[in-house]
Amino acid sequence: MEIIFGRLDNNNARFTLTETRTAFANAFRRAMISEVPTLAIDQVRIYDNTSVLFDEMLAHRLGLIPLRTDLTTYVPAGECSCGGAGCTHCTATYTLSVEGPRMVFSRDLIPQDPTTAPCHDEIPIIKLSENQKVVLEARATVNTGKEHAKWQPTIACGYKNYPEITFSENCDGCGMCVEECPRGILTVKEGKAQVVAEKQEECLLCRLCEEACMAGGIGSEPSIRIKGDETRKIFVVEGDESLPVQEIIERALMHLRQKSEDLHTIVSQLSGVT
Amino acid sequence: MIPVRCFTCGKVISTAWDEFKHRRESGEDPAKILDDLGLRRYCCRRMLLTHKEIVDDLNPYQ
Amino acid sequence: MPATYKCARCKHKVEIDVNVRCPYCGNRILFKERGAGIKDLKAR
């Protein structure tokens, strides 16, 4: 099994996972989405809110703001030495105090620990007009996407089978498949259809080209064939900036290893083999 | 208020609202603005396209 | 302690609320004012 990166920056990754199976690829995807912890605001104490938004809506908006997370300093509340009571190792606190008229942005949320500042400064929270006021205190905890989607470190995170496109001898270069392809990955060269260089991975496996193929008559095989290779997966991972994508990938893999080791221990205990 | 994140995929889209609003008001093509703002998926695009801001309408009733 | 209200038309504070009517302008629509209490919420 190997990971070949096509693209990797702080927020986006695109890679091919080779010699794998759908079961593993899906476990990996699910681990990235729901097992990698991040910080998100969970408790809000509202001292005053005379804005047009209800307290609950305001709290919900605060919860959705992605926060920079350093998992070496913050641990999930359940694993913390304070026993989940809330200390500086599992909880980050913020204060917000704004009087109108003006827009309240995520940068107005003042963190006690500056390393846990919101990832974006410009998220509008609520627009205040004359004589309106919001004063509150918020507590963020580390948790996973399993508990609530606001703790997911990923946005778009998915995979597809590696597309394999083959052309048979019968291709007459009519160009119907070229016109039909929504990604424009096909072209006609020297009377034969072929894949545009470097664009094979962009194939959606939609097989519209197969339907459009005119090489044979009705009922005969199309001369273009699309197949998804189940042993190779193209992954796309997009982060919400709370964690770098590389860390999400690493932590998800560590989680999978831990889970399989735990299973191994339990099974060997049950069967009496040590 | 514009939702903080896209309902479907969870991308933070509220940061793009201000620019989107101003550029649309100045008569630009919404499709081009959304492309510039890096909103590729149609779930995120509809968040901005179909949003109606009503905070200012609610203010007199507070 | 009687709850405090605010008249929807003249924005005066209304204290006693036996008859639902603003003593200053006679308007019958009153808004309840926000209490002084602190509210703890789950952000979900």
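The second largest pocket of this predicted model has a volume of about 570 Å³. A pocket here is an open set of points on a 1 Å grid over the protein atoms alone, with protein on both sides within 12 Å along at least five of seven lines, and lining residues have an atom within 4 Å of a point. Grid points are joined across faces, edges and corners, and a volume is the space filled by probe spheres set on the points. Of the 16 residues lining the second largest pocket, those closest to its centre are Arg14(A), Arg183(A), Val236(A), Arg40(B) and Arg41(B). Strand 2 (12–18), strand 9 and strand 12 (224–239) of chain A each supply at least two lining residues, and strand 9 of chain A gives the most, with five. Helices (H or I, at least four residues) and strands (E, at least two) are DSSP runs, numbered from the N terminus. By class, this lining has seven nonpolar, two polar and seven charged residues; Ala, Val, Leu, Ile, Met, Phe, Trp, Tyr, Cys and Pro count as nonpolar, Asp, Glu, Lys and Arg as charged, and the others, Gly among them, as polar.

Before going on, a word on conventions. Residues are numbered from 1 along each chain as its sequence is written, while chains are lettered from A and ligands numbered from 1 in the order in which they are written. Local features need pLDDT of at least 70 and side-chain atom pairs count only at pLDDT 80 or more, whereas totals for chains, interfaces and linings use all residues; side-chain values use heavy atoms, with hydrogens and water left out.

Now turn to the largest pocket, which holds about 1,300 Å³ of space. Among its 46 lining residues, Asn49(A), Ser51(A), Val52(A), Leu53(A) and Phe54(A) are the closest to its centre. Two or more lining residues come from each of helix 2 (55–63) and strand 9 (154–167) of chain A, helix 4 (55–58) of chain B and strand 3 (30–32) of chain C. The largest share, five residues, belongs to helix 2 of chain A.

How do chains C and A meet? Nine residues of chain C and 18 residues of chain A take part in the contact, meaning heavy atoms within 4.5 Å. Between them the two chains bury about 1,300 Å², 42% of it on carbon and sulfur atoms; buried area is the accessible area (1.4 Å probe) that two parts lose on being put together, summed over both. There are eight salt bridges between chain C and chain A, each a side-chain nitrogen of Lys or Arg within 4 Å of a carboxyl oxygen of Asp or Glu. Asp40(C) pairs in this way with Arg45(A), their closest N and O atoms being 3.0 Å apart.

Finally, look for cavities, where a 1.4 Å probe fits but cannot get out. Two cavities reach 30 Å³ or more. The largest cavity has a volume of about 90 Å³, and Cys181(A), Pro182(A), Cys203(A), Cys206(A) and Cys209(A) are the closest to its centre of 14 lining residues.
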